[in-house]
Amino acid sequence: MTLREVKQLLDAEVLVGEDKLDMEVRTAFGADLMSDVLAFAKPGSLLLTGLTNPQVIRTSDILDIAAIIMVRGKHPSPEALRLARELRIPILITRYILFETAGKLYMKGIVGCLEKVESK
Amino acid sequence: MQANAKPLYEDSFAVEGGNFDNAGRVSSNIKSILKKMGLSSDVVRRAALVAYESEINIVSYSRGGLIHLRVGSDRVLIEAVDEGQGIADIELAMQKGYSTATEKIREMGFGAGMGLYNIKSFSDYFQITSEVGRGTCLKMIISISDAAGA
């Protein structure tokens, strides 16, 4: 689905990336632990998170994340917002909680970057 | 594998200890350098990722350090050297989930004991040396194989 459809589905506010709403996304990863995002998220995915600091933006830049969805109505810190604008990484704010956000996306065909981690 | 061959690119970048606002800036820069050099997206991504986890470690646990980037025809070498407390038990530090992180580091979304583990698993070669009270040195190699598509 497109970022525009994601925006409508999640009743989201677009803080950065109004010009990128036609981008197609197919996968997503949700976590508040950036080391896990680094380990598992795939390029071109949505990142669903409740973290709002500049490291969320840096992590997304390193991984070529398509867009960041900040859940539970969280807003990025001023430094994070500045960085997202500079690096041109879209940020969408939704008031839905992480569980509901993931569920709504999943029902529309968005799948996880992986289903489960390997054993051990 | 010509160790003495002239590198295609070589530079060092300073990383400030304790400055969380800037943490990741060097790695973003390294990523765009490698991207511009036309390396495959897999190589760029893995190199940027290990640089970033290293940079977070330097910011989190040291007074400061350097990240050294050297690109050859067959490999990207990244060395992260810091001046700081060092690591007493490297085997323990390498274990998934082991961490000495402060609350500040955890607030940033790190400090869950995944950093060194991630660095090791995304590198083709990884070496860590450390001296307590002096600092830590990480050496990471990402191989550039002709087979890897962009």
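Q: Is A:Asp11 buried or exposed?
A: Start by counting neighbours. This is a predicted model, and the count comes from its atoms. A:Asp11 has 11 other C-beta atoms within 10 Å, so A:Asp11 is exposed.

Q: Where is A:Asp11 found?
A: Look at what comes before and after. A:Asp11 sits in the loop between α1 (3–9) and β1 of chain A. Check its backbone too. A:Asp11 is not a glycine, yet its phi is positive, about 50°.

Q: Which loop holds A:Arg88, and what is its phi?
A: The loop between α4 and β5 (91–93) of chain A holds A:Arg88. Its phi is positive, about 55°, although A:Arg88 is not a glycine. Now count again. A:Arg88 has 11 C-beta neighbours inside 10 Å, so A:Arg88 counts as exposed.

Q: In what order do the six strands of the open sheet in chain A lie?
A: Begin with the general idea. Strands of a sheet pair through backbone hydrogen bonds, either parallel or antiparallel. Here the order is β1-β5-β4-β3-β2-β6, and the pairing is mixed. Next, find the edges. β1 (13–16) and β6 (111–112) of chain A are the edge strands, each pairing on one side only.

Q: How many bridges join β2 and β3 of chain A?
A: Three bridges join β2 (residues 27–30) of chain A to β3 (residues 46–49) of chain A. These two strands run parallel. Now pick out one pair. A:Phe29 has A:Leu47 in β3(A) as its bridge partner.

Q: Which residues of β3(A) are buried on each side?
A: Think about the two faces. In a regular strand the side chains alternate between the two faces of the sheet. In β3(A), A:Leu46 and A:Leu48 are buried on one side. A:Leu47 and A:Thr49 are buried on the other. Both faces of β3(A) are covered.

Q: At what angle do α3 and α4 of chain A pack?
A: Compare the helix axes. α3 (residues 54–63) and α4 (residues 78–87) of chain A pack at about 25°, with their axes 7 Å apart. Angles under 35 degrees count as roughly parallel, so α3(A) and α4(A) are roughly parallel to each other. Then see who touches. Residues in the contact include A:Val56 and A:Ile57 of α3(A), and A:Leu83 and A:Leu87 of α4(A). By class, the contact has seven nonpolar, no polar and two charged residues.

Q: Which residues of α5 in chain B are buried, and where do they point?
A: Look down the helix axis. The buried residues of α5 (residues 115–122) of chain B are B:Gly115, B:Leu116 and B:Ile119. They fall within an arc of 95°, so they line one face of the helix. What covers them includes α2 (34–40) of chain A, along with β4 (125–131) and β5 (135–143) of chain B.

Q: How many residues of each chain are in contact?
A: Count each side on its own. 18 residues of chain A are in contact with 19 residues of chain B. On the side of chain A, the elements giving two or more residues are α2 and α3. The largest share, seven residues, comes from α3(A). By class, this side of chain A has ten nonpolar, three polar and five charged residues.

Technical notes. Residues are numbered from 1 along each chain as its sequence is written. Chains are lettered from A and ligands numbered from 1 in the order in which they are written. This is a predicted model: local features need pLDDT of at least 70, side-chain atom pairs count only at pLDDT 80 or more; totals for chains, interfaces and linings use all residues. Axes are lines fitted to C-alpha atoms, for helices over the stretch in contact, and angles run from 0 to 180 degrees between N-to-C directions. Helices (H or I, at least four residues) and strands (E, at least two) are DSSP runs, numbered from the N terminus. Angles under 35 degrees count as roughly parallel, over 145 as roughly antiparallel, 65 to 115 as roughly perpendicular and the rest as oblique. Two residues are in contact if their C-beta atoms, placed from the backbone, lie within 7 Å. Ala, Val, Leu, Ile, Met, Phe, Trp, Tyr, Cys and Pro count as nonpolar, Asp, Glu, Lys and Arg as charged, and the others, Gly among them, as polar. A residue is buried if 20 or more other C-beta atoms lie within 10 Å of its own, exposed if 12 or fewer, and partly exposed in between; C-beta atoms are placed from the backbone. The arc is that of the directions from the helix axis to the C-beta atoms. Two strands pair if DSSP finds at least two bridges between them.
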